[in-house]
Amino acid sequence: MIPKVYQEVIDLGDGRQITLETGKLAKQAHGSVVVQMGKAMLLCTVVSSYEAGTVDFLPLTVDYREKFAAAGRYPGGFFKREARPSTEEILTMRLVDRVLRPLFPKDYHAETQVMIQLMSHDDDVMPDALAGLAASTAIQLSDIPFETPISEVRVARVDGEFIINPSRAQLENADIDLMVGASADSVAMVEGEMDEVSEEEMTEAIKFAHEAIKVQCEAQLKLAEAFGKKETREYEEENNDEALEKKIYEAAYQKCYDIAKSGSSKKERGLAFSEVKEEIKAMFTEEELEEIGDLVSKYFSKAHKEAVRKLVLDEGIRLDGRKTTDIRPIWCEVDYLPSTHGSSIFTRGETQALATVTLGTSREANVIDLPTQQSEETFYLHYNFPPFSTGEARPLRGTSRREVGHGNLAQRALKGMIPEDCPYTVRVVSEVLESNGSSSMATVCSGTMALMDAGIELKKPVSGIAMGLISDGDQYAVLSDILGDEDHLGDMDFKVTGTEDGITACQMDIKIKGLSYEILVKALKQAREGRLHILEKLTDTIATPNESVKPHAPKMVKVTIPEEYIGAVIGPGGKVIQEMQKETETTIVIEEEGDLGIVEILGVSQEKIDQVIQRINAITFKAEVGSVYEVKVVKILDFGAVVEYVEAPGNEVLLHISELAWERTNNVTDVVNLGDVIDVKYFGIDPKTRKEKVSRKALLKRPPRPEGKPKGDRKPQQNKEN
């Protein structure tokens, strides 16, 4: 039986369309949709258990995968099948998860799985911009409780014009690249990178994206209505006890308020809040706690949260005693690690990041091999967040999605400031050693200093700051340099990085509905003031990049050779290049680029790098007809001298005795001797001898002919060549 298919078309207004289709594929899932743009097709399914889990949170899994078959390619590696997700896939999962998660009911604890798969790829379509739309549409087609449709779009600015969901080629010329997630009413998430744009320009991009999202949300509702929107499923809601809530509020609120106002340290505050919680629990018997213990914890957390928020709104005082615009004390240090190519420590309050820089050749580039993208990164940043940084002991399970996301944000913040002509592959690693506040922004700051310490000529230094927002509808407060608790208790967490001239990257999670753009701009401008304050601390520590790399760090020299000489430099079986590397203790990498060979020479000793250059010059040397060269006499023969080109040692040519001087030369040593350095002119291949011809006498002034001597009346010199 042919299934009935339902479709809804979204017109992007420039000849491009997005089609939402359901009814054909994956019908046993609780909701499924195919989202198509051009030849790109995403299949998204959602399934949610009908039984609530035992945990007190939503166990939501968002999974995004790109199938190699979608682009007609095979997976790389020995096992020819897709395995663990790539960094790019993880980043897409995070983008979708951050918008979806807040819109499920707070008391919905059923295990829920959203799976998004790229089934067909189009080079002109970036599928990550469609993943949020696909996820929300699948949920709308199900009976899973969900507050409102959302969508995500990418907005880019190319030549001053905003474009929704640009192609990768268009994105290469963009100065703004933002992913925006929102419902029809409110923006919920923003993440992206920019080329030093202003706060107002960034806000305009968000507004433009939101208008496109409103259309996509409406299309989801139309499709669900045509399909036959299911009644939202019933689920076991959490118990509530208003009398108990009031009792705990009255017992805990003022005590929490006083602790919050004390300005104590993170550890002291944590102990004090724990003591109050224990006092609250002591108000009940063990039997009562077995029955209502979860509610006691829930209502205490609610009173705790309200106390902290009211303190900020009413008195402008924060947990650590700061005012809303204050930045915690900062200290920095560079060149801390003696053996790295560059290092720095950035400490802000109770957050500390130690960054290292490693310099390498193009061989160390980060290879991206995806169905949708094949490229190399010559600048990349890795972020590590060990459990001891927050005083915890937890199992190590490999690199977390959070570490991938935070590292990507810091990388995007810095990469635009790496000069285009930087000869190195540059790897930055941030080790977070303490965390109470934004460690990703600490990574940006420590990364900037470590790069400058390594001698990388950054265009401009970059700093970053994490901001918060607390609002009750009537009042609001923007918080600079938020603590971890303020992140959890606030209404918006936004991280902004940039130079003194503009924003380079951002990441925002907005938890309240209807945030006005006026408040957003104010928050961004307050963030700018904080960024500039932090930037001043960085440049006080290291004002400009070091003029050269460290003595123990590798120097990099690039030379170009004609393509035809690549084989000669490599040698049969790599013999020549391997010998050069072994003898000079260097690393040599050759890449083809058009009709040239790009030779990268990496080594600690400049003298040995120069030796490599000399040997390459010797291999690739080709004298030009009519040019003058400096040569050294390396052998004396009866009929001439063997000379070696000074600029290409090992390249020898015969300087015939007849080309030494205009006068008759009986003995070669009458004119030159072993070791002499002279100039000669190159004439190319002599048609008579079929050998290369050089001449010394051609550079000398020809003597006048004796009077009365007929032209051409001269005895030829005896040629003693065998």
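Predicted model: local features only at pLDDT ≥ 70, side-chain atom pairs only at ≥ 80, totals over all residues.
I read off a volume of about 30 Å³ for the largest cavity. I then listed its lining, which is made up of E21, T22, G23, K24, L25, S32, V33, V34 and L43. Two elements give two or more residues each to this lining, namely β2 (17–22) and β3 (31–37). Of the elements, β3 gives the most, with three residues. I sorted the lining by class and found four nonpolar, three polar and two charged residues.

**Entry: domains**

I wrote down the division of the protein next. It runs as domain 1 (6–227), domain 2 (242–315), domain 3 (330–392 + 400–541), domain 4 (555–619) and domain 5 (627–699). I looked up the distance between the C-alpha centres of domain 1 and domain 3, and it is 26 Å. These two domains are in contact, with 44 residues taking part from domain 1 and 38 residues from domain 3.

**Entry: nonpolar cores**

Which residues touch the most other members of the largest nonpolar core? I found L178, M202, V426, L451 and F494, in a core of 86 residues. Domain 1 (6–227) and domain 3 (330–392 + 400–541) each supply at least three residues to this core. In soluble globular proteins, nonpolar side chains tend to be buried together.

I took M202 as a member to follow up. Leaving out residues up to four places away in sequence, M202 touches L178, V190, M194, V197, I503, C506, M508 and L524. I also noted a second, separate core of 47 residues, with V33, M37, A70 and V96 among them. V33 was already in my list for the cavity lining.

**Entry: two residues with positive phi**

I looked up N165, whose phi is near 50 degrees, a positive value in a residue other than glycine. N165 sits in the loop between β8 (161–164) and α3 (168–171). Is N165 buried or exposed? N165 counts as buried because its relative accessible area is 5%, and the cut-off for buried is under 20%.

E196 also has a positive phi, about 55 degrees, and is not a glycine. I placed E196 in strand β10, residues 187–197. Its relative accessibility is 19%, so E196 counts as buried.

**Entry: two loop residues**

Where does M126 lie? I found M126 in the loop between β6 (110–120) and α2 (128–140). M126 has a relative accessible area of 8% and is therefore buried. Not counting residues up to four places away in sequence, M126 touches R154, P166, S167, R168 and L171. I also looked up M126 against Q7: they are 119 residues apart in sequence, and 22 Å lies between their C-alpha atoms.

D56 was the other loop residue I looked up, and its place is between β4 (40–52) and β5 (60–66). D56 counts as exposed because its relative accessibility is 65%, where the cut-off for exposed is over 50%. Along the chain, D56 and V643 are 587 residues apart, and their C-alpha atoms are separated by 86 Å.

Terms used. Residues numbered from 1 in each chain as written. Heavy atoms only, no water. Core = buried A, V, L, I, M, F, W, Y, C linked by side-chain atoms within 4.5 Å. Buried < 20%, exposed > 50% of the residue type's maximum accessible area, 1.4 Å probe, protein only. Domains from an automatic or database assignment. Contact = heavy atoms within 4.5 Å. 1 Å grid on protein atoms, 1.4 Å probe; cavity = no way out; pocket = protein on both sides within 12 Å on 5 of 7 lines; lining within 4 Å. Points joined across faces, edges and corners; volume = space filled by probe spheres on them. Helix = DSSP H or I, 4+ residues; strand = E, 2+ residues; numbered from the N terminus. Nonpolar A, V, L, I, M, F, W, Y, C, P; charged D, E, K, R; others polar.
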